[in-house]
Amino acid sequence: MGNSEMHLDGKSIQFPTITGSENKKAFDISKLRADTGYVTLDYGLKNTAVTKSSITFLNGEEGILRYRGYPIEQLAEKASFLEVAYLLIYGELPSQKELDTFTSGVTNHTLIHENMKKFFEGYPQHAHPMGVLASMTCALSSFYPESLNPNADEESIDQTILRLIAKTATIAAWSYKNSVGHPVMYPQNRLDYSSNLLYMMFAKPTEPYEINDKVVSALNKLLILHADHEQNCSTFTTRVVGSSQASLYASISAGIMALWGPLHGGANQAVVEMLQQIYDDGGASKANIDKWIARFKDKESGQRLMGFGHRVYKNFDPRATIIKKAADEVLDDLNIDDPLLDIAKELEYAALNDPYFIDKKLYPNVDYYSGLLYRAMGIPVDMFTVMFALGRLPGWIANWKEMMEDKQPITRPRQIYIGENKRDFIPITER
Ligand code: CMC
């Protein structure tokens, strides 16, 4: 730990500096207000570390992403989603025995209370599955009132974690079934997490359902790539809600809602909708692509090139590289010729060679190709962000757990008040 010096109003003030792993540096300003009366203003928290964390390392300049020190490329290639979930939540890769116990814990909790099934009947068919997932996740807390205590013993927290991972998959699949008016399919505990999710979404009671291993493997990869991303909007939301000592279910439900927005997880849906619009407008011809690129550069148009740009990655998003390759492979394996993929590639090429995108360091992010991969798997557009949420769940849980174990205080930022100075009330007859 070092010190930095600041000169303010003729006084010299010292702040400790902190160096984290990988030489990450920060000023510790926790005494700033007490010592100086000043606060900091940082819209979007672009320069603010909100916590110390040992879960995920991200270097946006060099395109590096690691969970608990393990490179994302190795995890996506070699691990299963539940193995990565265990790693994120408990800090180490599980032994075979630990993984077996964790996996059977998840599979034993896949059923949801039969009364919850009735909730689905209350939703209109067109209900967005993200809204359904968020509210049903929160509703789970009413079936497990003991989970309302976020400071309960370890065993009880572990139980809630298993329930969350298991039951959100069932809720997600059933919200899809509800949207198409089909009967729900009960989970099959003989199946692994990804296969079971696909089964609950696509199997029908009327015919046998064959699980495609290539689709399962692509889904496993997608879930891993989404599993954590340090202090993103939804993870921070989960921490903020958890910091008030709300339950884990409530905190995760809030995280799901934050993820829904098109500038965050909702971007995967927005990308495919944008590509479809470009397709309907004339396809991948150079003239059409140039027209759309011009539109994305024009702030007046109100349209951004969705799936491009990132708050942290200013070089490339390593997840996008893996997903682009997986999308190519899956489409090839399944013999799918998706014209939207051609448009995505042309658009990417045009943007990466355009000074606007080059100067602003805008590159494809995780959502640029993930939607096309989901589409190839037969997952409907409305469900894309739900799939992202299922993937991000272990990251939210790990961050919530870390925050609780660190006994962090309630998150309560300051503001710079810019309203009226004191004035006296005027009776309504005199206004
Ligand atoms: N298309 C066109 N212009 C863009 C784009 C884009 N996709 N992204 C950023 N810009 C411009 C922006 O207009 C601004 O220009 P100027 O400096 O002239 O005002 C500049 O680049 C910086 O943008 P910003 O919005 O200040 O940057 P940010 O770090 O606050 O936002 C972002 C990051 C991801 C919200 C933004 O790049 C964006 O809106 N991208 C499109 C939505 C998207 O793909 N979101 C998924 C993010 S990755 C997954 C996830 O987080 O869930």
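Predicted model: local features only at pLDDT ≥ 70, side-chain atom pairs only at ≥ 80, totals over all residues.
1. Surroundings of the ligand. The shell around the ligand is made up of 22 residues, and the closest are His264, Lys299, Arg304, Leu305 and Lys360. By residue class, this shell holds 10 nonpolar, six polar and six charged residues.

2. Polar contacts of the ligand. Arg304, already named among the closest residues, places a polar side-chain atom 2.7 Å from an oxygen atom of the ligand. The side chain of Lys46 has an N or O atom at 3.5 Å from a ligand oxygen atom. The backbone also takes part: a polar backbone atom of Gly307 is 2.8 Å from an oxygen atom of the ligand. On its own the ligand has 930 Å² of accessible area, of which the protein covers 78%.

3. The β1-β2 hairpin. Strand β1 covers residues 2-8 and strand β2 covers residues 11-19; the two pair in the antiparallel sense over seven bridges. Within this pairing, Met6 has Ile13 of β2 as its bridge partner. Two residues lie between the strands of the hairpin, and Asp9 in the turn has a positive phi of about 45 degrees.

4. Arg163 in helix α7. Helix α7 spans residues 154-180 and contains Arg163. Is Arg163 buried or exposed? Arg163 counts as buried because its relative accessible area is 11%, which falls under the 20% cut-off. With neighbours within four places in sequence left aside, Arg163 is in contact with His109, Tyr144, Glu146, Thr168 and Tyr249.

Methods:
Residues numbered from 1 in each chain as written. Heavy atoms only, no water. Near = heavy atom within 4 Å. Polar contact = N/O pair within 3.5 Å; in protein donor to acceptor, adjacent residues only side chain to side chain. Areas by Shrake-Rupley, 256 points an atom, 1.4 Å probe, with all protein chains shown as cover. Nonpolar A, V, L, I, M, F, W, Y, C, P; charged D, E, K, R; others polar. Pairing = 2+ DSSP bridges. Helix = DSSP H or I, 4+ residues; strand = E, 2+ residues; numbered from the N terminus. Buried < 20%, exposed > 50% of the residue type's maximum accessible area, 1.4 Å probe, protein only. Contact = heavy atoms within 4.5 Å.
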